Every structure is written in structure tokens, then in C-alpha cells.
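Please keep the structure in view while reading.

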Amino acid sequence: MVNYRSLIGKEFVYGTQDCFTLIRDYYRLRGVLLPDFDRPDDLETTSSIFLEQAELCGFRPVDFNSRKVGDMVIMKLMTRTPMHAAIYVGADKILHQRFNSLSAVEPFGRYYRQSVAAVYRYATGDVSR
């Protein structure tokens with residue numbers, strides 16, 4: 001079990017401290033180094049980096065109902081494509097960094113559930129580049 005408390009309460013800075021940064025920091029606590037990616041300038045015209053890169057980074061898709069602690073949940077929140085990622089931390093809660101908010105653990109309620117595009121589980125060793 002990962003002690004992710006140090007990841008809570010971080011201020012949002014796009015490209016520096018955003019939802020993908022939080023994903024990378026969470027997996028770093030697990031001993032996994034994920035590559036970083038340039039963030040698109042316009043989230044409304046880009047395809048989903050998460051859906052394109054997840055499997056290349058060692059993640060494998062899993063069924064939503066089979067989610068486990070540590071799985072990455074990809075959501076479409078107010079963007080054209082799924083551009084938000086969170087970590088499922090169990091007890092129907094997610095750890096995430098929302099736009100212009102502090103990183104937090106929140107209930108994985110209806111709003112987030114209906115926005116889920118995919119769930120991924122890390123399935124390989126270190127993918128540091």
C-alpha cells in the first residue's frame with residue numbers, strides 16, 4: 001500500500017503540477033518511474049495523451065468493475081477527449097489534481113463515474129527513459 005499523503009494539497013500548475021504529475025509522483029512512490037510528456041497548449045483540439053500513451057508506459061486496460069487500489073482512472077471532464085487522470089485509492093475514492101484546485105482525495109461519485117473513459121493497471125516493471 002502506497003502512503004500518498006505527501007501528494008495531497010499541492011497547488012495546480014499546468015505542466016508542472018497537474019493530474020499527470022500526480023500520477024507520476026504516485027507511481028514514483030511505488031518505485032516506478034514514468035516518462036513525462038509535453039502538455040498540449042489547447043486541450044480542446046488534442047487527442048487524449050492518456051489513451052494514446054498508457055499502454056506504451058506499461059499500463060493495461062482493466063474493466064471498470066475490476067478496479068483495484070492503484071489503478072489509473074482516465075476521465076473526460078469538460079474537454080473534448082479524456083484528458084484527466086486519477087488514482088483509485090479504494091473505498092470508492094480517487095486521488096487527483098483537478099484544474100485550478102489543490103490535489104485531493106475525493107469520493108468517486110456519480111459525476112466522476114459517468115466521466116470514466118478507461119481504467120488502467122500498471123502491469124510491467126520500471127519504464128523510466
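## A pair within one helix

In this predicted model, the side chains of D25 and R28 form a salt bridge, with 2.8 Å from N to O. The two residues are three places apart in helix α1, so about one helical turn separates them. D25 is buried at 12% relative accessibility, whereas R28, with a relative accessible area of 40%, is partly exposed.

## Pairs between elements

The structure holds seven salt bridges, including one between D36 and R24 at 3.6 Å, N to O. Because D36 lies in the loop between α1 and α2 while R24 belongs to helix α1, this pair ties together parts that are 12 residues apart in sequence. R24 is buried, its relative accessible area being 17%, and D36 is partly exposed at 42%.

A further salt bridge joins R113 and D92 at 2.6 Å, N to O. This pair links distant parts of the chain, with R113 in helix α3 and D92 in the loop between β3 and β4, 21 residues apart. Salt bridges with shared partners also join D18, R24, D36 and R39 into one network.

## The largest pocket

The largest pocket has a volume of about 480 Å³, and 27 residues line it, with C19, L43, F50, M83 and H84 nearest its centre. Its lining comprises 19 nonpolar, four polar and four charged residues, and the largest share, three residues, comes from α2.

## Confidence

The average pLDDT is 92, and 95% of the residues score at least 70. Over residues 125–129, however, pLDDT stays under 50. Where pLDDT is low, the predicted coordinates should not be read in detail.

Technical notes: Residues numbered from 1 in each chain as written. Predicted model: local features only at pLDDT ≥ 70, side-chain atom pairs only at ≥ 80, totals over all residues. Heavy atoms only, no water. pLDDT = per-residue confidence, 0-100. Contact = heavy atoms within 4.5 Å. 1 Å grid on protein atoms, 1.4 Å probe; cavity = no way out; pocket = protein on both sides within 12 Å on 5 of 7 lines; lining within 4 Å. Points joined across faces, edges and corners; volume = space filled by probe spheres on them. Helix = DSSP H or I, 4+ residues; strand = E, 2+ residues; numbered from the N terminus. Nonpolar A, V, L, I, M, F, W, Y, C, P; charged D, E, K, R; others polar. Salt bridge = Lys/Arg side-chain N within 4 Å of Asp/Glu carboxyl O. Buried < 20%, exposed > 50% of the residue type's maximum accessible area, 1.4 Å probe, protein only.
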